[in-house]
Amino acid sequence: MRSRQRQLNKIAISLILGASGMSLGGFAYAGPACGPEVKEEIVKIMINSGADKLPDDQRLRLEAELYQKYQSCGVPDTAATLSPEAANCGKTAYRGSLWWEEISCCGYDPQRRMFGCPVTVKQSYGYGPNPLPGSREYVLNCVWNGAAYVPVANDSVHLANSPGQNPPWQFAVLAMANTNINLVQPMNGITRLARSILSWQLQPTNCNYRPIWGNVIDYRIRLDQ
């Protein structure tokens, strides 16, 4: 009788946890840990502070404060798993919330010294008012120097909410390698380890950066002539 009651209790608990997006094996979210109102709040703070006109050091300091405040939002979402293509591109080094955006693969053009990372945008909301100010998807690209990953290229793409339209869409961040360029030269066919970090609205500041919204992939590039 007690065994039967325990079984019924377990089923009841499972139903409750399932309804809340959690599981008995720990906790796993059926959706994002933080809703779009949090992302919209970040956009509003950036607007009100005039972040786009601040010197880089002040803007990055503001973004670091926002990172600390909203770091708990970077919980991986079970309903937003990595794309199958990621397994064919490289290794997932880190994943934050992928409910809104994700990179599954990146590549390098050694002739143009250019990194290219397609960004899958998965929702029509959570990116800021359309058309402006919207927000940015940042990608920092790094290359292994034998001891650590170091930055070589950094850029972003602008986007905004798109009410009434149906996602997903493929954006792309193209970034010129203009830092530590010795690691992407000479073009002699050598293989290098590379890392790309996608982060929504908060610019990655180093190659170990863990994005709240976005992910990190490690892969290999080749410096062909």
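Predicted model: local features only at pLDDT ≥ 70, side-chain atom pairs only at ≥ 80, totals over all residues.
Residues are numbered from 1 along each chain as its sequence is written. Local features need pLDDT of at least 70, side-chain atom pairs count only at pLDDT 80 or more, totals for chains, interfaces and linings use all residues, and side-chain values use heavy atoms, with hydrogens and water left out.

The protein chain holds four helices and nine strands. Both are DSSP runs numbered from the N terminus: helices are H or I with at least four residues, strands are E with at least two. Their order from the N terminus is α-α-α-α-β-β-β-β-β-β-β-β-β. Of the 225 residues, 43% are buried (under 20% relative accessible area; exposed is over 50%, partly exposed in between; 1.4 Å probe, protein chains only). Among contacts (heavy atoms within 4.5 Å) with a separation of 6 or more, 67% join residues 24 or more positions apart.

Leu 54 sits in the loop between helix 2 (36–48) and helix 3 (56–70). Leu 54 is partly exposed, because its relative accessibility is 24%. Beyond its neighbours within four places in sequence, Leu 54 contacts Ser 49 and Arg 59.

One runs from Asn 130 to Pro 131, with omega near 0°. Pro 131 lies between strand 4 (114–121) and strand 5 (135–144), in a loop. The other runs from Pro 167 to Pro 168, with omega near 10°. Pro 168 belongs to the loop between strand 6 (149–159) and strand 7 (169–176).

Arg 113 has phi near 55°, in the loop between strand 3 (107–109) and strand 4. Asn 180 has phi of about 50°, in the loop between strand 7 and strand 8 (191–200). Asn 180 is partly exposed, at 34% relative accessibility.
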